[in-house]
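Hi everyone, thanks for making time for this. I'd like to walk you through a structure that may be new to you, so please have a look at it while I talk.

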Amino acid sequence: MTNRLTEALKQQILALPSAPQLLEEVYAALAEEAKRRQLFYEQVTEESKAEFINGEVILHSPAMKRHVEVTSQLFQLLNAYVLKHTMGFVGIEKLMITRNDYEPDICYFATEQATHFSPEQMLFPAPDFVVEVLSKSTEKRDRGIKWQDYAAHGVGEYWIIDPEGQTVEQYLLRDGNYNLHRKVADGELNSQVVRGFTIPVRAIFEASANIQALAQILA
């Protein structure tokens, strides 16, 4: 949601005669959601694959092989680059971030944030860069509530990867909303947030291209 839409919504609420009552109901609903979230934190385990979204626990089904391959191949490239250049921290799949406790497929935190993380930490702030790999069960959220939430929390760059169509959509945050920068199936892809991180698109989808790209990063 853009800042302009947020302001317009606020003005509409304030113009209502029932605005005070409405706000009380919203605060009460948020308080109840906070209780459910705390219960979720107490019950979720390291073996769980679950997210807490808009007051509901979302359990994830097992991932297809191509989803796992795409995620792991991009992760090893990004992680190797970030470690080599001491640029922060890269998480994969099971890091909870933002108000709605998402577990993005891949996320990157620049050094300014990463230096404050502890080894026992389980809940994390909004990252600087997020990647979601599409599946039939998650695409609606990846392009809907997650899209809105990542933008609202200032995630500067968002990649949506289609493992079946073998394409990458690169979105950049501008004025509080994401704009499509590129959609590619080949050639090179350059991150605007992870400075200097440039990879062949095929290295995300093909093992041989991935190994070559990894060797270049480590050289």
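This is a predicted model: local features need pLDDT of at least 70, side-chain atom pairs count only at pLDDT 80 or more; totals for chains, interfaces and linings use all residues.

How many aromatic pairs does a search of the whole structure find? The number is 13. In general, a pair of aromatic rings is described by the distance of the centres and the angle of the planes. Take Phe-89 and Phe-109: their ring centres are 6.3 Å apart and their planes sit at 25 degrees, so we call this pair stacked. Phe-89 belongs to strand E3, residues 88–92, while Phe-109 belongs to strand E5, residues 106–110, so this pair links distant parts of the chain, 20 residues apart.

Since Phe-89 is in strand E3 and Phe-124 is in strand E6, residues 123–124, the pair ties together parts that are 35 residues apart in sequence.

There is also an aromatic cluster to find on your screen: it is made up of Trp-147, Tyr-150, Tyr-158, Tyr-171 and Tyr-178.

Next, the sheet. In which order do its strands come? It is an open sheet of six strands, running E3-E5-E7-E8-E9-E10, with mixed pairing. At the edges we have E3 and strand E10, residues 177–184, each of which pairs on one side only. From one strand to the next, the twist averages 15 degrees.

Let's step through some of the neighbours. Strand E7, residues 129–133, pairs with E8 in the parallel sense, over five bridges. One of the contacts to look for is Phe-129, whose bridge partner in E8 is Glu-157. Strand E8 itself covers residues 157–162 and is mostly covered, with five of its six residues buried.

On we go to strand E9, residues 167–174, which pairs with E8 in the antiparallel sense over six bridges. The hairpin of E8 and E9 has four residues between the strands, and in it Gln-166 takes a positive phi near 55 degrees. E9 and E10 run antiparallel as well, joined by seven bridges. In that pairing, Leu-173 has Tyr-178 as its bridge partner in E10, and Tyr-178 is one of the members of the aromatic cluster I mentioned.

Last stop: the surface. Which residues form a nonpolar patch there? They are Leu-16, Leu-22, Leu-23, Val-26, Tyr-27 and Leu-30, and together they have about 490 Å² of accessible area. Leu-30 sits in helix H2, which spans residues 19–43. With a relative accessibility of 38%, Leu-30 counts as partly exposed.

That's my tour, and I'm happy to take questions.

Methods:
Residues are numbered from 1 along each chain as its sequence is written. Side-chain values use heavy atoms; hydrogens and water are left out. Patches are made of residues with over 30% relative accessible area and no salt bridge: like charges are joined within 9 Å, nonpolar side chains (Val, Leu, Ile, Met, Phe, Trp, Tyr) within 5 Å. Accessible areas come from the Shrake-Rupley method with a 1.4 Å probe; for residues, only the protein chains shown count as cover. A salt bridge is a side-chain nitrogen of Lys or Arg within 4 Å of a carboxyl oxygen of Asp or Glu. Helices (H or I, at least four residues) and strands (E, at least two) are DSSP runs, numbered from the N terminus. Buried means under 20% relative accessible area, exposed over 50%, partly exposed in between (1.4 Å probe, protein chains only). Rings of Phe, Tyr and Trp (its six-membered ring) pair if their centres lie within 6.5 Å; planes under 30 degrees apart count as stacked, over 60 as edge-to-face and the rest as tilted. Two strands pair if DSSP finds at least two bridges between them. Axes are lines fitted to C-alpha atoms, for helices over the stretch in contact, and angles run from 0 to 180 degrees between N-to-C directions.
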